[in-house]
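Visitor: Please show me the structure, and let us then discuss how its parts pack together.

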Amino acid sequence: MIDINLFNLIGLAYVGNMIAYDFIPLQPVKQKLISILPLISSQVGMLLNCSKCVSFWLGLLLYQNILYAALAGLTGFFINYFLDRIKVWYE
């Protein structure tokens, strides 16, 4: 279990966003994992392609507290929203 502070929470949410979208070397591995599991591929695909979901489950795994996990998921959502707005602004 890791120490709970604001920097760890934001870092965890950003790692969730990187797993879901931004970390390019991980994306082919993630898609291969989703295609290997055909029976539950839609649920796994939804889980691994959602920054809120990945941040929530990482928070639950590391903090072992539902409230901190929910806060990590919300922070992951905000990080994804801000990055989308920045991307639109540069286009």
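Guide: Contact here means heavy atoms within 4.5 Å. The model is predicted, so local features need pLDDT of at least 70 and side-chain atom pairs pLDDT 80 or more, whereas totals for chains, interfaces and linings use all residues. Residues are numbered from 1 along each chain as its sequence is written, and side-chain values use heavy atoms, with hydrogens and water left out.

Visitor: Which residues does Ser 51 touch, not counting residues up to four places away in sequence?

Guide: Ser 51 lies in helix H4; helices are DSSP runs (H or I, at least four residues), numbered from the N terminus. Ser 51 is buried, at a relative accessible area of 3%, where buried means under 20%, exposed over 50% and partly exposed in between (1.4 Å probe, protein chains only). With residues up to four places away in sequence left out, its contacts are Gly 16, Asn 17, Ala 20, Tyr 21, Gly 76, Phe 77 and Asn 80.

Visitor: Within what arc do the buried residues of H4 fall, seen down its axis?

Guide: The buried residues of H4 are Ser 51, Val 54, Ser 55, Leu 58, Gly 59 and Tyr 63. They line one face of the helix, because seen down the axis they fall within an arc of 135°. The arc is taken over the directions from the helix axis to the C-beta atoms. The value is therefore 135°.

Visitor: What arc do the buried residues of H1 cover around the axis?

Guide: Helix H1 spans residues 6-22, and its buried residues are Leu 9, Leu 12, Ala 13, Gly 16, Asn 17 and Ala 20. These residues are on the same side of H1, because the arc they cover around the axis is only 140°.

Visitor: Is Leu 62 buried, partly exposed or exposed?

Guide: Leu 62 also belongs to helix H4. Its C-alpha atom is separated by 9.2 Å from that of Leu 12, 50 residues apart along the chain. With a relative accessible area of 30%, Leu 62 is partly exposed.

Note on methods:
Helix = DSSP H or I, 4+ residues; strand = E, 2+ residues; numbered from the N terminus.
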